[in-house]
Amino acid sequence: MTAEPTATASTTPGRVLVTGGASGLGAAVVEAVLRSGGTPVVLDRDISSVSGVKAFEVDVADRAAVEQAVREAAETLGGLDAVVTAAGIDRCGKLADVEATEWEKVIGVNLMGTVSTVRAALPYLKETHGRVVTVASTLGKRAVADATAYCASKFGVVGFSHALAAETGGEIGVTTMIPGGMKTRFFDDRTEQYKPQDDSRLNDPANTAQAILFALNQPTGCEVREMLICHEEEGSWP
């Protein structure tokens, strides 16, 4: 009797579009993709720091601009094998104290930017049986005060991703990545009361990037549907 061949993981993630790829987690994903022999392309509102890879300057909250950028990126690379939606912002404060336009901007970037990017990339991903990794947050699982916009956006990303996985099973892969706090510049524009007072419990974004790469490199037919990754002393989980 001849043994059935076993599935093997991909040796490279291929052509990977990364939103927010100019800094923080996105930049760590770009580096991880490069190190693994893949070809990343960056979408970010500020690409001045990006070098060595193709990059498109775009605000992911602008759906029309995202559609054009994704199309140009796919044409430049001759297709797409994966999308990682790492772009994200926050506006901390009590609901009554955060300006409505700023509150809605968080939803526009974190949730609608994720949706617009994935929607625009779907035709290319279906051609390659590619993968999407959406970046949620531990605050997409657990709510805290003074974070209504961020929690709403990340709870939305979780729900969107789960529904997308159900909708596209057998066509593309969908992974919801749920990181805890990371040592990035994400907290820089916050007031002091909303900045981490001790960064020793913040994870290295390179660790999260490796988890994302693990999901992207699963063999065809096998999917990591959801992964939570954080520092061992993460305060926002469980």
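Analyst: The protein chain has five helices and seven strands, and from the N terminus on they run β-α-β-β-α-β-α-β-α-β-α-β. Keep in mind that this is a predicted model. Of the 238 residues in the protein chain, 50% count as buried.

User: Why is C151 called buried?

Analyst: Its relative accessibility is 6%, and buried means under 20%, so C151 counts as buried. C151 is one of the buried residues of α4, which also include Y150, K154, V157 and L164.

User: And what makes C222 partly exposed?

Analyst: C222 has a relative accessible area of 33%. Partly exposed lies between the 20% for buried and the 50% for exposed, so that is the label C222 gets.

User: How do you know that C151 is in no disulfide?

Analyst: A disulfide needs two cysteine sulfur atoms within 2.5 Å. For C151, the nearest cysteine sulfur is that of C92, and it is 9.7 Å away. The whole structure holds zero disulfides.

User: On to the helices. How do you know that the span of α3 agrees with its number of residues?

Analyst: α3 has 29 residues, which should span 42 Å at 1.5 Å a residue. The end C-alpha atoms of α3 are 40 Å apart, so the two values agree. There is a bend of about 50 degrees in α3 at L122, with a proline, P123, following within four residues. After α3 comes H129, whose phi is positive, near 50 degrees.

User: What about α4: what is its span, and what is expected?

Analyst: α4 reaches 30 Å from its first C-alpha to its last, close to the 30 Å expected for its 21 residues. G170 follows α4, and its phi is positive, near 90 degrees. The buried residues of α4 pack against α3, β5 (131–135), β6 (173–179) and β7 (226–229).

User: What makes the largest nonpolar core a core, and which residues have the most contacts inside it?

Analyst: The label goes to buried nonpolar residues joined through side-chain atoms within 4.5 Å. The largest such set has 29 residues, and those with the most contacts inside it are L17, L43, V70, L80 and L125. Two or more residues each come from β2 (39–44), α2 (63–77), α3 (100–128) and α4 (148–168). α3 gives the most, with seven residues. L125 touches L80, D81, A82, V83, G130, R131, V132, E171 and I172, leaving aside residues up to four places away in sequence. A second, separate core has 28 residues, among them A28, A86, V135 and M177. In soluble globular proteins, nonpolar side chains tend to be buried together.

User: Why is the R35 and E31 pair called a salt bridge?

Analyst: The cut-off is a side-chain nitrogen within 4 Å of a carboxyl oxygen. R35 and E31 meet at 2.9 Å, N to O, and that is one of nine salt bridges in the structure. Both residues sit in helix α1 (residues 24–35), four residues apart, so about one helical turn separates them. R35 counts as exposed because its relative accessibility is 69%, while E31, at 38%, counts as partly exposed.

User: What makes the bridge between E102 and R91 one that ties parts together?

Analyst: The side chains of E102 and R91 meet at 2.6 Å, N to O. E102 lies in helix α3 and R91 in the loop between β4 (82–85) and α3, so the pair ties together parts that are eleven residues apart in sequence. E102 is partly exposed, with a relative accessible area of 24%, and so is R91, at 21%. R91, E102 and K105 are linked in a network of salt bridges.

User: How far apart in sequence are the parts tied together by K141 and E226?

Analyst: They are 85 residues apart in sequence, because K141 lies in the loop between β5 and α4 and E226 lies in strand β7. Their side chains meet in a salt bridge at 3.1 Å, N to O. K141 is partly exposed at 41%, and E226 counts as partly exposed at 34%. As for contacts across the protein chain, residues 24 or more positions apart account for 67% of those with a separation of 6 or more.

Technical notes. Residues numbered from 1 in each chain as written. Predicted model: local features only at pLDDT ≥ 70, side-chain atom pairs only at ≥ 80, totals over all residues. Heavy atoms only, no water. Buried < 20%, exposed > 50% of the residue type's maximum accessible area, 1.4 Å probe, protein only. Contact = heavy atoms within 4.5 Å. Expected span 1.5 Å × (residues − 1). Bend = angle between axes of the 7 residues up to and from the residue.
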